[in-house]
Amino acid sequence: MATSASSCDLELKLAELKINGFATFEDLIPGEKIDRIRTAFLPLLEQVKAAGAGEKNVAVRGHSDPLLIVEGRLQVVNRYTMYVPWEQPFADPDIYENPLLLEFLDRYWGTQDYHITCYHSNNPYPGSQYQKWHRDAGISRLVPHVGLEVCPHFGVKFPLVDTAAENGSFEILPATQYLADPELEERYDEVLETGDFCTRRRLNLKKGTLWIQDPRTLHRGTPNYSTQPRPELVICYSLPWFAGGPIEMLQEEFDKLSERGKKMLSRCRIL
Ligand SMILES: O=C(O)CCC(=O)C(=O)O
Ligand SMILES: [Fe+2]
């Protein structure tokens, strides 16, 4: 059964996010919707690969208009990062305005005043390798020696396939989001691969799962030993003071947004 507000204890999910540094919602997105998104997404990703994406971004065109540019790059061996264009079928209010997700963020931040600041994707292909253990978005460096209680920025993620150890599921070291030791910040790989850190966990997710990542929680990408890419899309939500974006979209997409959508995307750039 799909996760709904009535079947989900949001306060418990909030506690999971605060304590573990991530929270997952299974069956939030119908499988057919994910399949439609994957069918449109993989050819774009292949175009980015074919355009010779290296360390620097290359740009290809979105589906709906030549103005819509999609940038992507090779992050490390066989692992591509690509921005997701704000167009159909990717810009789906059933996902970015999902009532359970927004209620969760409203309660966490105690306000509805936050923005969607980025839409991107992480795509380990067969032959990808371990990433270094890291945190995202530089938040941990904002205030050295202080682990902020409230995180100003989250990645809201959903894989386009089931993820497992075989195809490079995300690895996380739960409950590390409040670490604030600048000296350790430079040496996580050395430390984590040498010492005994028994709580590391693979997030093996069913297609249809949406999950919230506190970007400060230590994590890494892992090798994909399968024959297919393992795409995961990421919509970023940020408090107003946290810099990010802008998302670019055509006027016709902006016009389709709900009132709440227009507020969350008020900083977008209209092409
Ligand atoms: O999705 C993954 O495998 C990890 C990606 C990641 O953490 C990153 O690129 O920052
Ligand atoms: Fe990361």
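Ala, Val, Leu, Ile, Met, Phe, Trp, Tyr, Cys and Pro count as nonpolar, Asp, Glu, Lys and Arg as charged, and the others, Gly among them, as polar. On this basis, the shell around ligand 1 in the predicted model divides into two nonpolar, six polar and two charged residues. The shell residues are Gln75, Asn122, Pro124, Gln131, Asp136, Gly168, Phe170, His219, Gly221 and Glu232. Pro124 and Phe170 belong to this shell and count as nonpolar, because Phe and Pro are in that class.

Strand β7 spans residues 170-172, and β10 spans 219-220. These strands pair in the antiparallel sense over two bridges. In β10, His219 is the bridge partner of Ile172. The sheet is open and has three strands, in the order β8-β7-β10, with antiparallel pairing. Its edge strands are β8 (201-203) and β10, each of which pairs on one side only. Strands of a sheet pair through backbone hydrogen bonds, either parallel or antiparallel.

A helix pair was also examined. Helix α1 covers residues 10-20, and helix α4 covers residues 99-109. They pack at an angle of about 65 degrees, and their axes are 10 Å apart. The crossing is right-handed. From α1, the contact involves Leu10, Lys13, Leu14 and Leu17; from α4, it involves Glu103, Phe104, Arg107 and Tyr108. The residues of this contact divide into five nonpolar, no polar and three charged.

Note on methods. Residues numbered from 1 in each chain as written. Chains lettered and ligands numbered in written order. Predicted model: local features only at pLDDT ≥ 70, side-chain atom pairs only at ≥ 80, totals over all residues. Near = placed C-beta within 6 Å. Axes fitted to C-alpha atoms, helices over the stretch in contact; angles between N-to-C directions. Helix = DSSP H or I, 4+ residues; strand = E, 2+ residues; numbered from the N terminus. Left-handed = near helix turned anticlockwise from the far one by under 90°. Contact = placed C-beta atoms within 7 Å. Pairing = 2+ DSSP bridges.
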